[in-house]
Structures are given as C-alpha cells and as structure tokens.
Amino acid sequence: MTMRGATPSTPIAAAAACLLVLTPPGAAIFAEKPAADGDPTVAEDGDDAAGGRASRGPVGGILGIGVRAVFDAIAPGARRTPQPIPIDEGEDGEMPNDPARAQAWQQRKQVRQQAKHMEQIFQPLLHTELEMIRQTCPDLTGEARREILAAGRAAVTKTALEFATQQLIGGQPRLAVDARRSIRVPMATALKPHASAEQFAAYGREQQARHARRARAARVAIVAKLDRHLDLSAAQRRAIEEDLEGHWEDAWVRELDDNGMVINGERTAPDYAKACIDPHLDERQLSEWQRWHRAAGQAVGGFHAGWNLDGQGLHEPDRWWSGEEER
Amino acid sequence: MIRSLQACLCAGVVAGLPALADDDRIVDQPEPAVSQPEQQHLIDLAANFDANLFEQQGNGWVLRGGVQFGNGLNVRDRVRVMANGRLIIAGADASGGRPAESPTRASVRLLAEKRLERIAAACALTELQRRDLRLAIESDIRRCTAEIEALRGKYAGVRVNLNDQEGQKTWHQFQQDVQHCRRILRNVLDGDSLFASVLPTTLEAGQLAGIEEETRQRRSFRWRVMVAATLTRMDDMLGLTQVQHDVIEKALLARDPGLRVAELKPEQDTTHLQQNLVYLVLSECEPSSLRKAVSERQWKSLALLMNQGKSMRSWIEQQGILDQPSGPPQR
C-alpha cells in the first residue's frame, strides 16, 4: 500500500504532518470528542454547546468494542496506558543510575523536547480561543484576562505534553488527544466565573455556531469528493448532503483534515459515512463506490488532526490579555 | 583407540578452519573497482510522462522509477476514469490485453467520453446527436494526440540522472513539455475545437439550456465547497464570530470566480490552490464592509491572507481551474 499526502505549505505544517503519519492507526478510530465532562459550555440537556450532540460511543460502535475486547483477550498487555508526565520538568530530577530507570528518564526528556515543538504548533488554537473570548466577553477585568490567558497557556503546555507522550510512548490509546477541545475547555472553565451570564452564554453560542459550521463544511466536502469520483447529479448531491445532515456524527469532521491524501493511487474514500451514501447511488456508481472504498477507505489510513496545521493566524501578542490595554 | 584419536584430530582441524589468526587480517587489498549502477537515481521519463500527464492530481509532479508492468504496458495503461458512474480502464482492449491504439489516444478518449456522458446525463442525447458529437471528439482527439505524441516521443527510452546537471536540464525541459501537454489536454474540447463549434448546432436549445443549468449547478456547488472549507481554516486562524463568518461568506458567494467544471484531468484543485483562490476572490471584494465586520487584530491577519491570494493570481490562473478565454494553448 502506498500513502501520499499533499505537500504541507509551511515547515510547521510539515513537522505536524510527519507527526500525524506517526499516529497509531488505532488512535484514529477513536479520535472523536470524548464525553463533554468538565466543559462549562455544555448545556444541561446534554447538548454540547461547543460541539452539538456528540455521539458518545466510539466510532467503531459495537463492532469496535467487540474488536477491542478480542484484542485485549489475545494480548492483554499490548495496549499500554502511558504514565502522565508531570508538567514541571523539575520533578524529573537527575538521571538515575539504574539503567532501566535511566532509559525511562531519557525517554521522558525526549517527550518533553517534542512537547516544546508541539506547543508552537498549538499556538494558533490558543490565539483563536482568546480572540473569540475577547469578542464575546469584552467586559473582563484585567485580572480575569490574565487568569484566562494563564489557563490557556497551561492548557497548551499540557496538551502538547499529552500529545507528545502519545506520539512517542502512546501504544494504542482509547482516545486520541483532541487538541482543540483540551485547550478550549480549561479556558472556558477559567472564563465562566469572570464573565457575566449573558456574555458567557454568547461565548457558548459562538462555540456552538463554529462547531456547526465545521460540520456543514465537512458535509459538503464529503459530497464534493463523491461528486468528483462518481459524477453525481445535482439531485444526488442534495440527497446525500441531507442524509449526512440527518445522521451526522461529530467524528466525520475529519473530512476537513484531508489535504489530498492518496492511498493506492486514489483519494481517500469517506467510507465512514457509507450508510448515508449507498442509498443514493445508482447501480454503476454503487459498484465503483464499493471498489473505491475497499481500495482507499479512510478506515485504512485515516487520522484526525483537528487543528490548524498551517500555523497562520493571529500571531501578534494581544496586549489586552496581559492587562496592559483596557479595551 | 587410534581411530578415535584420528577422528578427534580431524574434528579439531575442521572445527579450527574458520578461525582466523590476527595476522590473517593483514592483507587489506581493495576490491577491484566495480562500477556501481546508479539505478536509484535514474528516472525513466517516458513512464513519468504518462504518470504526470494523466494521473497526477493538481499541477504537481510525481517521480517514479521506470514503471513497467509484466505485460510491457506502461503506467498509463492503468488509468481509471469514471464516466457517469461507469468505470473505464484506459489502454486495454476488452480482454484486458495490449492496447488496441496509442495509449495517449486511449486516455484522451476516455477523458472525452466522460465529458460526453455528463452531457448525455444533462440533456438526453439522441443516438444521432451522440454519433455526431463523437465524430467531432474523434477529430479533436486526433489533433491533440498528434501534438502530445510528438512531445512524448522525445522521451522514449530516455532515462536521466537527476544528480547531474545534464539530467536536471532534461528534467526541466520535460516539465515544460508535460505542462504544455496539460494545457492541450485541458482545451481539447474547448476553445477552437471542432466539438465546441459543433455542440451548439447539434443540440436543441432546450438541451443546451440543460447543459448550461447542470454546469451552473456544479460550478456553484464547487465554489460553495471551496468557500466552506476555506472559511473553516479562517475560523481556526481568526476566531470568527457567526456574524463575521456570514459577512465573509456572503461576499465570497456573491463573487463566483467561474470555476471550470468540465475538467479533462484528474482533480486539479488541491487544498492549497482552493484556499488561495478564495483569498484572491476575497481580495477583490469591497474591503470596507469586511474591515468593518472584523476586529483590527483580525483584519491584520485577514489582509495578509488576501495579499497572499492576490500575489498568487498568475499562478492560480495557470492551474486551469478557472474558465479561460478561448484560444490556442500558449507555450
């Protein structure tokens, strides 16, 4: 099998793309939003204000659970859960004399080095979240802003460390690191006590709207890819888009991360949404669709990045956040 | 007893044979100079010509070693084309054996067939109309194939080493020739082609309207897809609110750049190209309403993106994703 991706446009993107290729394939299967515990933008009825109604189970569904159960029974030790690495590097201490512990110590240092690099890649996510908070909650005091900024920076550090840990010693994790969420949630938590109820609700609505926009963009991206390959009619395009909307799963936003990846000489097929596609194809299209997703289904090589890999965005430090500028 | 001793001695001698004393390593004669074949650097340009012209997405470049399948066919013999949901494999006859005609012609015919099938789906062609259009297509294919084959023939059996200057020079010329062939291919049924001139006279007004409508819908859909995808990137970069998003989206959707939908090549509009096209179109929108909608911080970044798109205008236009004024391809 050959896999080829589009050429990343920046060195940061290139580095991130390399890391993505290293992501264990199993991680992609579970790379959806975890339960919204701890997210203050989640409404009481279970709707994730920042994420719509997420499907709570793993993407693999019952089959996925079954496969994991079989896998665990055969090789119970194979799925390691890496020990979390403390944020404070000082806790690592001196390198131990014991060879086994020294090896673990060195591995930890490698993870930290990688995490430093990832922190740079995650910066645009932080700036985006800060901007959104500033726009929806303009009345924050200087102290509150500094607190939120500190929470955001700590979240970036922690997320980078988790990501690097998973990359380098991760084994087969139950859930891939969702960088977008793990930076947003601590910031929202820090924001809540400082923002008025009205402004915090506005912030939640914006998060929800952004999430809905991503889902809509992913839906049309899926249809566009099918259209390229299967020459859909306008009616088929509409029908598939509606079907996708009616049965939407959050994990399907992964389509937005497809930057031209090719498997076996073909663009990856959005086979995860098969049930919404099959009924709308004619016999000839169906036959080609089946061949295509067998050859280049995303389940084969799929991964889910979920953040801005280009590194472009709001780079200039916003002095408002450090409390130097009032409005 | 003696026999046992002899056996032990023999065994000892045999066992000791492979052992080398230190002085056995004195001789350090260099191996006779054998010329190392530089296979890893040699690129078969004939095979790459087909791969880059018929298979490569976008206007990028792919480098392959000398790809030959067991039956002596080239990579192009595996080109797959979907024509209205029907899979056709180029370059093979019904039995899947050797191609019955020039591989270039077979590939171009398949791509043209896709166009014809799309037209048929949009306006229900009669058999007579279909025959007439096919005849026009055949004529255009012959013309285009002759041009492509002439350039392709330059590279038959040519293998270059990209590590030497001469090889790089040949590769550069090769790229120019493939790029020219891409333009020929893109325009084979457009502009001054026989097909383009015959189509309006062969079809009824209602049928032409059907094709126009189908094209309009597909073009509008593709633009919507590009705008939606790029706006999610901008969401990530700028932290847009819904109102800001709507202002930008409305401005973009109102300016349809005239995407080319009758492509005769594999997918050309890569993500990078799509984003820059959207930034370019955004740079042509009325700036005051955009500026008013976003914050000063967002505007700084947005202006950078728009400038990026603007600076790439000529590159974007060269990629062939926009409908161009008709005319012969320029070298």
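**Reading confidence and burial**

User: What is the mean pLDDT of chain A, and what percentage of its residues reach 70 or more?

Analyst: pLDDT is the predictor's confidence in each residue, from 0 to 100. For chain A the mean is 75, and 67% of its residues reach 70 or more. This is a predicted model, where local features need pLDDT of at least 70, side-chain atom pairs count only at 80 or more, and totals for chains, interfaces and linings use all residues. Residues are numbered from 1 along each chain as its sequence is written, while chains are lettered from A and ligands numbered from 1 in the order in which they are written.

User: Where does pLDDT stay under 50 in chain A?

Analyst: Over residues 1-35, and over residues 44-65. Where pLDDT is low, the predicted coordinates should not be read in detail.

User: Is Glu241(A) buried or exposed?

Analyst: A residue is buried if 20 or more other C-beta atoms lie within 10 Å of its own, exposed if 12 or fewer, and partly exposed in between, with C-beta atoms placed from the backbone. Glu241(A) counts as buried because it has 20 C-beta neighbours inside 10 Å.

User: Which helix holds Glu241(A)?

Analyst: Helices are DSSP runs (H or I, at least four residues), numbered from the N terminus. Glu241(A) sits in helix 8 of chain A, residues 234-246. Among the elements of chain A, helix 8 has the highest mean pLDDT, 96.

User: How many residues of helix 9 of chain B are buried?

Analyst: Ten of the 13, so helix 9 of chain B is largely enclosed by the rest of the structure. Among them are Thr271(B), Tyr279(B) and Leu282(B).

Technical notes. Helices (H or I, at least four residues) and strands (E, at least two) are DSSP runs, numbered from the N terminus. Two residues are in contact if their C-beta atoms, placed from the backbone, lie within 7 Å.
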